[in-house]
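Good morning. I will go through one structure today, starting with a chain as a whole and then moving to single residues. Please keep the picture open while I talk.

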Protein chains: 2
Amino acid sequence: MGLSNENLIGLILALASSGFIGSSFIIKKQGLKRAAAVSGVRAGVGGYYYLLEPLWWVGMVTMIVGEVANFVAYAFAPAVLVTPLGALSIIVSATLAHFILKEKLHQLGILGCVMCIAGSVIIVIHAPREQPIKSVLEIWDMATQPAFLAYVGSVIVLVFILVFHFAPRCGHTNVLVYAAICSLMGSLSVMSVKAVGTSLKLTFEGENQLTYPETWFFMLVVAICVIMQMNYLNKALDTFNTAVVSPIYYVMFTTLTILASVIMFKDWDGQSGGTIVSEICGFIVVLSGTILLHVTKDYERSPSFRGTAPLSPSLSVRLYNGNEDFSVKHDEDNGSPSETESMCSRRQELY
Amino acid sequence: MGLSNENLIGLILALASSGFIGSSFIIKKQGLKRAAAVSGVRAGVGGYYYLLEPLWWVGMVTMIVGEVANFVAYAFAPAVLVTPLGALSIIVSATLAHFILKEKLHQLGILGCVMCIAGSVIIVIHAPREQPIKSVLEIWDMATQPAFLAYVGSVIVLVFILVFHFAPRCGHTNVLVYAAICSLMGSLSVMSVKAVGTSLKLTFEGENQLTYPETWFFMLVVAICVIMQMNYLNKALDTFNTAVVSPIYYVMFTTLTILASVIMFKDWDGQSGGTIVSEICGFIVVLSGTILLHVTKDYERSPSFRGTAPLSPSLSVRLYNGNEDFSVKHDEDNGSPSETESMCSRRQELY
């Protein structure tokens, strides 16, 4: 127990990141609303007036600050700690949406929030202390150990099979295909992001790491993985409802990232069985809370409570893409997702 | 970490108890079904044929075995460990109902099960070791320490206020009144049950405790508390839907029991802050899982999924009274709860 200083900095950064990212969606949405009120044209039906709305840009900047904080957090704390805490941004935006935007949070959604918090606390309490890293070469050694190479090899083989065999056949019918490609690549991008982040941290501390080709190699890996991940996440979001994609993607991505981190950084070496089991349970609890929040986002009050039967099911689709909380109403005659939706969907919770 | 032998026995007994109690409802229900098939009269409409059905009696015996195991568990392990594990019986009956009775478990119900298990694991890992007790006089000392006497005093005052002031005024409109009376008394009954259980355990081990008046005093307290608890739980169940009463009662009862145990047995002395926080989080997770299971028990598949609008809401009331899983269908013209329901409701999860 007892967090090390490095872990504590990482924890604070991860929490701040969730706060920024979570609130950025509320700010952006308020910007969109205000732009729609001024122009009379909703972004969803083709307006770009929101680009003239300062509030929207404030939201954008808030989000970027959050992403940077998240990136830096990986340089200080293990991925096992930082990744699951990403779920807290959902709570922040759900809570703010409830109080500021007056969007009703389903009672089970509140339960989901409580679970995410309880699970996060358990994870934080049991997070492993990381060995201080002195050079990017140390990370390179970890990345080239046989166990991690085996993991990378399996990921590449699986991604190839998924991209060339399954994606053309059932990519459009089975949500798991694209989600699996993104998650597999995502676990590699987080590992390389961590390597790059640590290198930059060391460089800023005076130990220049940019002279090592390994640093540049990790940057290349980040670029390749992130591009691939975005590409297939976009495909997934174009094909399936965000409410379906997001929880599946979150679960697979977080699980694989933790697996990769445990193999590469040996996070669990020297931890007692009880601590590891507690961490896994905390992780399961956060996942369950996230799923609950996502699922109940689409629940209207049950028709029997409202006393009316919904003959035409309300197509209120809430874009809750990992960190997002854009509520977009489809017009009944508008089969394809609106433009805001597509646009918002592009913002992916990559790390 | 690492369970002591005593804790391990208590844990196994608590798990066995949940297994027995959980499966007893399925056995009893199968007995009821078979009796209805043979006689053509449902228990819900006044039949007592189930008393001739051996399967129903098997279920009854299974339940009693479970209750005894639960009682004995308190003699071995702290209430902080035993009480929350009671939630596992709900999982057992929900799972068995799914596979044996082919009752559909809502997807969120599965999530609730997962959470109950994860939370229970966390509680077990962080459960405090209990100091071995050598005599009922030791328990007497703990029960008469100022802090615990203050707790007992507050409970008695609160119960008096609730019974004489609030129960006549809003007992029939506010579910919290009866639930609070039951839970407050329940926390005292668990403490005295633990005292009696430990005394009997010591007596069986050769250290006769029945010569002490303290043992008999604790037995008297058990009797008074349990009678009062049953009385008000019956009132609560007669007045409100079981699906409403059960989760509220479970949450209040478990919380107060843990509070009482922490004060009386000083369960948390010598435990690190992280361990205590983990226990509390595990407990919150189990509670959330229980609530989720209870709430989703009544969910039908959403009408928009089924494609039909439920013009007359199905009044499928599942009696899920803590440990129970009797599914009783109200006839549309039958406003009052059926007899099986009333009968089943009498079986209370007292400990």
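Take the contacts in chain A between residues at least 6 apart in sequence: 78% of them join residues at least 24 apart. Please keep in mind that this is a predicted model.

Staying with chain A, the secondary structure comes to 13 helices and 2 strands. The chain has 351 residues, and 55% of them are buried.

Next, the surface. Which residues make the nonpolar surface patch of about 270 Å²? They are I110 and V114 of chain A, with I280 and I284 of chain B.

Now the cysteines. A disulfide is a covalent bond between the sulfur atoms of two cysteines. How many disulfides are there over all chains? The count comes to 0. C225(A), for example, is in no disulfide, and the nearest cysteine sulfur, which belongs to C182(A), is 12 Å away. The cut-off for a disulfide is a pair of cysteine sulfur atoms within 2.5 Å. Is C225(A) buried or exposed? C225(A) has 3% relative accessibility, so it is buried.

In chain B, C182(B) is in no disulfide either. The nearest cysteine sulfur there is that of C225(B), 12 Å away. C182(B) has a relative accessible area of 0%, and therefore counts as buried.

What does L176(B) contact, leaving aside its neighbours within four places in sequence? The answer is I248(B) and M252(B). As for I263(B), that residue is 87 residues from L176(B) along the chain, and the two C-alpha atoms are separated by 24 Å.

That is the end of my part.

Definitions and conventions. Residues are numbered from 1 along each chain as its sequence is written. Chains are lettered from A and ligands numbered from 1 in the order in which they are written. This is a predicted model: local features need pLDDT of at least 70, side-chain atom pairs count only at pLDDT 80 or more; totals for chains, interfaces and linings use all residues. Side-chain values use heavy atoms; hydrogens and water are left out. Patches are made of residues with over 30% relative accessible area and no salt bridge: like charges are joined within 9 Å, nonpolar side chains (Val, Leu, Ile, Met, Phe, Trp, Tyr) within 5 Å. Accessible areas come from the Shrake-Rupley method with a 1.4 Å probe; for residues, only the protein chains shown count as cover. A salt bridge is a side-chain nitrogen of Lys or Arg within 4 Å of a carboxyl oxygen of Asp or Glu. Helices (H or I, at least four residues) and strands (E, at least two) are DSSP runs, numbered from the N terminus. Buried means under 20% relative accessible area, exposed over 50%, partly exposed in between (1.4 Å probe, protein chains only). Contact means heavy atoms within 4.5 Å.
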